[in-house]
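Let's take a walk through this model together, stopping wherever the geometry has something to say. Keep your viewer open and follow along.

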Amino acid sequence: MVNDAEFVIWQRYGVRAWPTLVLIDPEGYVVGAVAGEGHGPTLEEQIGELIAEHRAAGTLREEPGTTATPGGADGSLLAFPGKVAVDPAGGRLAIADSGHHRVVVADLEGTIRAVAGTGKPGAADGSFADAAFRHPQGLAFHEGHLYVADTENHLIRRLDPATGGVETVAGTGQQAHGPVRPDAGGPLATSLNSPWDLVVLQGVLYIAMAGCHQVWGLDLVGGKLELACGTGREALIDGTRIEAAMNQPSGITTDGALLYVADSEASAIRSIDPRPRCRIRTLVGVGLFDFGDQDGSGEGVRLQHPLAVAAQDGRIYIADTYNHKIKVLFPSLQRVETLFGTGRPGAAEGDRPQFFEPGGLAAAPGRLSIADTNNHRICVADLAAGTVAALPLHTP
């Protein structure tokens, strides 16, 4: 993993877009490059040919390498937590403990009340103790249940804290490829593509489907799975559900009327009116390759790969992930201001907090829960006091 801050690698390899994949053989020579997505079969064929060629030539090193096991910092119960959700009425906080392939449910003071998932990657329903996930992300409480975007299994799961059970409600477990529309076979017969975040509005579970640059909706009463918005083309285009285009939407929230999306690859925040025709509108962000760290209004705002949004009291809170900041958007003004974070990765608390690529947000009155992903912790911001403190997670 490289921070190419000065675009040195970008320039030397002639990169013009992301993702760009460069294939290098065992002797260090560049033998191919592709830009964009969907090149898996081509690369698999080329890699197979290279393996055979260099195995025959004796230039292929085949002994096992060393790998690092994801884990939290010393004393942390979490590993790379992705998303969080709050149930203020029930006094519950749900955490996608993504690096541990599990979901943690705690009270608002940090006492862990339940854990779903074995801690090993898999795709099994059943009891909390027996169920398995693979890098889960988005979470949404609704009518006593907790819905989970099981991202790398390409599934939507439903947890019942009352019975301690997990069941799959959408997805086949196979990744869909390319721009797709749900078929007529029903949610369990429809393949998903990297569902990344969830929110419920008027009985519909909206899914930020990062892998196909779309938002889908699952009717929790009727069971119908539909495309809500997006052509599947990766672009920053406003308009109706069949005109608009998005860029790896990775965060979604609602103010009770509109949906708001963190359109991550374009470093943009979009609003979606889910009523008939489902129109999408860009609030901040100007293009797929335009990013930075600039507060202000409208086209003057620059974010850098925001992964989460949370609506509360007419404001949209933003996890400006690659800027290591938490910001606030005033939708009617299209104005963005920095709330917390210095712009440098760190783990400080108090009135000068620091974060390390925060990826999840959940708002409640006067309080903002933050998944400080690369610090392996959950933080809570007191919005009135303007301070941030790490939440001390612990077992009873």
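This is a predicted model: local features need pLDDT of at least 70, side-chain atom pairs count only at pLDDT 80 or more; totals for chains, interfaces and linings use all residues.

A contact here means heavy atoms within 4.5 Å. Residues are numbered from 1 along each chain as its sequence is written, and side-chain values use heavy atoms, with hydrogens and water left out.

Back to Val148. You'll find this residue in strand 9 (residues 145–150); helices (H or I, at least four residues) and strands (E, at least two) are DSSP runs, numbered from the N terminus. Is Val148 buried or exposed? Its relative accessible area is 0%, so Val148 is buried. The cut-offs are under 20% relative accessible area for buried, over 50% for exposed, and partly exposed in between, with a 1.4 Å probe and protein chains only. Asp125 sits 23 residues from Val148 along the chain, and their C-alpha atoms are separated by 12 Å.

Leu159 belongs to strand 10 (residues 155–160) and counts as buried because its relative accessibility is 1%. Leaving aside neighbours within four places in sequence, Leu159 is in contact with Val103, Ala116, Phe128, Phe133, His145, Leu146, Val148, Gly165 and Val166. Ala116 is 43 residues away along the chain, with 8.2 Å between the C-alpha atoms of Leu159 and Ala116.

Now for the rings. The structure holds one aromatic pair. Phe7 and Trp10 make it, edge-to-face, at 5.6 Å centre to centre and 85 degrees between the planes. Rings of Phe, Tyr and Trp (its six-membered ring) pair if their centres lie within 6.5 Å; planes under 30 degrees apart count as stacked, over 60 as edge-to-face and the rest as tilted. Phe7 is partly exposed at 33% relative accessibility, and Trp10 is partly exposed at 22%.

Next, helix 2. Leu43, Leu50 and His54 are buried in helix 2. Seen down the axis, the buried residues of helix 2 fall within an arc of 30 degrees, so they line one face of the helix; the arc is that of the directions from the helix axis to the C-beta atoms. An α-helix has 3.6 residues a turn, so residues three or four places apart point the same way. The buried residues of helix 2 pack against strand 1 (20–24) and strand 2 (30–35). On the other side of helix 2, Pro41, Glu44, Glu45 and Ala56 are exposed. Just after helix 2, Gly58 takes a positive phi of about 75 degrees.

Positive phi shows up away from glycine, too. Ser194 has one of about 50 degrees although it is not a glycine, in the loop between strand 11 (165–170) and strand 12 (195–201). His305 has one of about 55 degrees, in the loop between strand 20 (296–297) and strand 21 (308–312). Ser194 is buried at 13% relative accessibility, and His305 is buried with a relative accessible area of 10%.

Arg270 lies in strand 18 (residues 268–273) and is buried, with a relative accessible area of 0%. Which backbone atom does the side chain of Arg270 reach? It is the backbone oxygen of Ala245, at 3.1 Å. His324, buried at 9% relative accessibility, reaches the backbone nitrogen of Glu357 with its side chain at 3.1 Å. A polar contact is a pair of N or O atoms within 3.5 Å; within protein, one must be able to donate a hydrogen and the other to accept it, and residues adjacent in sequence count only if both atoms are side-chain atoms.
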